[in-house]
Every structure is written in C-alpha cells, then in structure tokens.
Amino acid sequence: MTIRPILLSTALASVLVLAGCSSFGGGNASPGALAPALSARMDQPNATLDSVQAINLINAYRATNNMPPLTADAGLNGTAQALANQYAQTNNAPTKPQALVQMKLSAGYSTFAETFSGWRNNAADAVALTAQATKAGVAVAYNPSSSFGTYWVLVIGN
C-alpha cells in the first residue's frame, strides 16, 4: 500500500519543520535552544533586555526570508527605549517617528521570545520584520500599575 510511505514522509517533513522552527536563538546553547536572554522575564523591576540577542533572533528570521541582517544600533535602542517608556506610562501606542523605516509595538508579553513570536505570526508584523533597512533598536518598559505590564518597541531604520 502507498499510504505508509506517504505517512512516513509526512511525519519526517513535520519533524524537519519543527526542528527548523525551534532553531532560532543562536549563542552557545544546544542546537534548537533559544539563547537564555530571549526567554528572560521582563515583567519585573530592573529586568534588562539583551538587545543584541533580540536582534540576532530577528536576523535569524530575516535570513530565512533571504534578507540581510540588521545591525544593533545604540541610537535606535535609545529611541526604542524612549518610545517604550512613553507607551508604558500612557498606555497609548506611540507614533512612529518619520526617520524610521518601521516600528513594531507589543504589550503584555513577558519575554522577547513571546513578543517575537507574536510579530512573526502576524502577517503585517512579519512583513515589517523583513523591511529594507540596515539597523535596529529594541526595548522594553515595565509598569506594574498599567494595563499590560510590559511594553515592547522595535524600531528599524537606516
């Protein structure tokens, strides 16, 4: 019967797809594991985001779409932090500064890995992750008395 080879090849393809999906992260972790910084909880006081690892995860996604990597930029990190702080204090989405190519916002996710998954799995956000640009900055702000707690901003520019 031909069903068994079809089922076997479907199962193998599924395993390969799942392995590929879990391979983002990089670093010295075991293959398929996320860098620990990407799953660090930011919904607590004094939490610090590793923006380089966050941008590395975005770059891994960009590579799967044949896009060049973004360079982590201190100036754009500052812009992202100012916007994230504003977002966390006002609970209103900030307006994208004109000089930016793209800006992505998110609120309520505890980790960058969760935030990135939300962006990657939303068609409009996924397109923005592959924007024609050269630099990026990312930041998070925490406000325990706000509606969502954590507020994320990714800014992409040249």
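How many aromatic pairs does the count come to?

## Aromatic pairs

The count comes to six aromatic pairs. Rings of Phe, Tyr and Trp (its six-membered ring) pair if their centres lie within 6.5 Å; planes under 30 degrees apart are stacked, over 60 edge-to-face, and the rest tilted. This is a predicted model: local features need pLDDT of at least 70, side-chain atom pairs count only at pLDDT 80 or more, and totals for chains, interfaces and linings use all residues. Residues are numbered from 1 along each chain as its sequence is written, and side-chain values use heavy atoms, with hydrogens and water left out.

Tyr61 and Phe116 have ring centres 5.9 Å apart and planes at 75 degrees, so they pair edge-to-face. Tyr61 lies in helix 2 and Phe116 in helix 4, so the pair ties together parts 55 residues apart in sequence. Helices here are DSSP runs (H or I, at least four residues), as are strands (E, at least two), numbered from the N terminus. Tyr61 is buried at 11% relative accessible area, and Phe116 at 1%. Buried means under 20%, exposed over 50%, partly exposed in between (1.4 Å probe, protein chains only).

Phe148 and Tyr151 are also edge-to-face, because their planes stand at 80 degrees, with centres 6.3 Å apart. Phe148 is partly exposed at 48%; Tyr151 is buried at 0%.

## Nonpolar cores

The largest nonpolar core has 22 residues. Such a core joins buried Ala, Val, Leu, Ile, Met, Phe, Trp, Tyr and Cys residues through side-chain atoms within 4.5 Å. Helix 2 gives the most, five residues. A second, separate core of 13 residues includes Leu100, Ala139, Tyr151 and Val155.
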